[in-house]
Amino acid sequence: MNRSANENLYLPKVAVIDRVMPEIAEVKSFYWRFEDKTEQERFRKFRPGQFAQVSLFGVGEFPTSLPASPTEDEIFFTVRKVGSCTGALHELDCGDKFAIRGPYGNGFPMEQYYGKNLVFVAGGIGLIPLRSAIVYALKNREKYERIQIFHGSKTPKELMYVCTLKSWEKMPGVEGYLTVDRADESWNGHVGVVGSLFKKPGVQVPVENTMAFVCGPPIMFRFVIKDLLSMGFDQNNIVSTLERYMKCGVGKCGHCCIGTAYVCVDGPVFTYKQIKQLGEDI
Ligand SMILES: Cc1cc2nc3c(=O)[nH]c(=O)nc-3n(C[C@H](O)[C@H](O)[C@H](O)COP(=O)(O)OP(=O)(O)OC[C@H]3O[C@@H](n4cnc5c(N)ncnc54)[C@H](O)[C@@H]3O)c2cc1C
Ligand code: FES
């Protein structure tokens with residue numbers, strides 16, 4: 001984190017919202033910057049897959065992923081309104097202030113995956129924590145082999161980052177596949193759960209020399225893992241991020257403990273093999 005030893009670990013730094021973008025129902029992206037430019041420069045060195053603790057004055061603090069990539073100019077969060085803190089964040093607008101601690105957690109070891117195929121599988125808002133790794137990989141395109149992005153949602157209106165997804169699909173060397181559980185009049189694409197895309201005619205998922213990134217609701221995760229294992233994926237070559245209730249975010253309070261790991265410092269990124277070893281039932 002590059003902080004001095006006597007600095008208060010829990011002291012968040014004030015940030016200002018530059019703009020707010022509605023994404024899907026109850027989900028908005030908040031583009032922001034620190035008031036202090038030095039803090040901005042320090043924070044910008046985050047790794048894909050890390051998270052931050054967001055403070056809403058007088059309300060509380062909550063953990064959120066960093067969907068922006070360190071290779072992008074702007075930093076943002078994409079947050080679903082579910083309760084008091086996320087609800088308070090959703091009330092904020094351009095120019096409003098809040099505070100942030102971080103970045104925290106291990107992140108995806110993207111350098112370890114150089115020379116590999118990358119397969120991203122996201123269900124619903126599971127695309128939020130994967131977005132950073134995808135953008136990082138596309139920015140460093142020559143360092144990776146094939147890149148495939150599979151994204152599914154319940155309905156077409158719940159697909160995440162639709163404009164960005166379309167721009168990714170147009171990039172050379174990127175294979176993008178979308179699906180919805182239930183089509184509406186606007187949809188003429190694939191219908192079915194996200195794993196059904198693996199069997200779609202013309203789709204060939206490479207198994208050798210491939211890392212699969214899987215994020216989404218537990219039911220989707222279980223089925224996609226089953227599909228990947230039956231295709232021959234090694235448990236060490238499947239990575240995901242775990243969400244746990246967090247308080248400190250820095251390995252002190254024990255709130256996020258699962259088995260022998262603290263999700264806030266040992267995670268949130270784990271291989272499927274590690275998730276199983278921790279005794280996680282997902
Ligand atoms: C590492 C990490 C990254 C995350 N990234 C994102 C993100 O990018 N975008 C996003 O929208 N959310 C993300 N979350 C989830 C987010 O932290 C919770 O939605 C938030 O803490 C809810 O706070 P609240 O005060 O609004 O809700 P509360 O008022 O505390 O609770 C409202 C409801 O949300 C449930 N809830 C609260 N916290 C969690 C949690 N950590 N996991 C699951 N359910 C919870 C409660 O059980 C309750 O049903 C992430 C969580 C973690 C641990
Ligand atoms: S949130 Fe306190 S130890 Fe992880």
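## Ligand 1 and its shell

Strand 4 gives the most residues to the shell around ligand 1, namely four. The model described here is predicted. The shell has 18 residues in total, and those that come nearest to ligand 1 are Pro 63, Arg 80, Cys 85, Thr 86 and Tyr 245. Sorted by class, the shell holds nine nonpolar, six polar and three charged residues.

Two or more shell residues come from each of strand 4 (60–65), strand 5 (75–80) and helix 2 (84–91).

Seven strands make up an open sheet with mixed pairing, and their order is 10-9-8-7-11-12-15. Strand 10 (190–191) and strand 15 are the edge strands, each of them pairing on one side only.

Within this sheet, strand 11 (residues 210–215) is joined to strand 12 (residues 238–241) by two bridges, and the two strands run parallel. Ala 212 has Ile 238 of strand 12 as its bridge partner.

## Strand 7

How many of the residues of strand 7 are buried? Seven of the seven residues in strand 7 (residues 117–123) are buried, so the strand is largely enclosed by the rest of the structure. The burial applies to both faces: Asn 117, Val 119, Val 121 and Gly 123 point one way, Leu 118, Phe 120 and Ala 122 point the other way, and all are buried.

Strand 7 has a parallel partner in strand 11, with six bridges between them. One of the residue pairs here is Leu 118 with Met 211, its bridge partner in strand 11. Strand 7 also pairs with strand 8 in the parallel sense, again over six bridges. In that pairing, Val 121 stands opposite Phe 150 of strand 8.

Ser 29 belongs to strand 2. Is Ser 29 buried or exposed? Its relative accessibility is 0%, so Ser 29 counts as buried.

One contact is with the side chain of Glu 23, at 2.6 Å. Another is with the side chain of Thr 78, at 2.7 Å.

## Backbone exceptions

The bond from Gly 102 to Pro 103 is cis, with omega near -5°, and Pro 103 is located in strand 6 (residues 97–104). The bond from Gly 267 to Pro 268 is likewise cis, with omega near 10°. Pro 268 sits in the loop between helix 6 (263–266) and strand 15 (269–271).

Positive phi values occur at residues other than glycine as well. Glu 26, which is not a glycine, has a phi of about 70°. This residue is in the loop between strand 1 (13–24) and strand 2 (27–34). With a relative accessible area of 46%, Glu 26 is partly exposed. Tyr 161, also not a glycine, has a positive phi of about 45°. The loop that holds Tyr 161 runs between strand 8 (147–153) and helix 4 (162–169). Tyr 161 counts as buried because its relative accessibility is 4%, under the cut-off of 20%.

Conventions:
Residues are numbered from 1 along each chain as its sequence is written. Chains are lettered from A and ligands numbered from 1 in the order in which they are written. This is a predicted model: local features need pLDDT of at least 70, side-chain atom pairs count only at pLDDT 80 or more; totals for chains, interfaces and linings use all residues. Side-chain values use heavy atoms; hydrogens and water are left out. A residue is near a molecule or strand if one of its heavy atoms lies within 4 Å of it. Ala, Val, Leu, Ile, Met, Phe, Trp, Tyr, Cys and Pro count as nonpolar, Asp, Glu, Lys and Arg as charged, and the others, Gly among them, as polar. Buried means under 20% relative accessible area, exposed over 50%, partly exposed in between (1.4 Å probe, protein chains only). Two strands pair if DSSP finds at least two bridges between them. A polar contact is a pair of N or O atoms within 3.5 Å; within protein, one must be able to donate a hydrogen and the other to accept it, and residues adjacent in sequence count only if both atoms are side-chain atoms.
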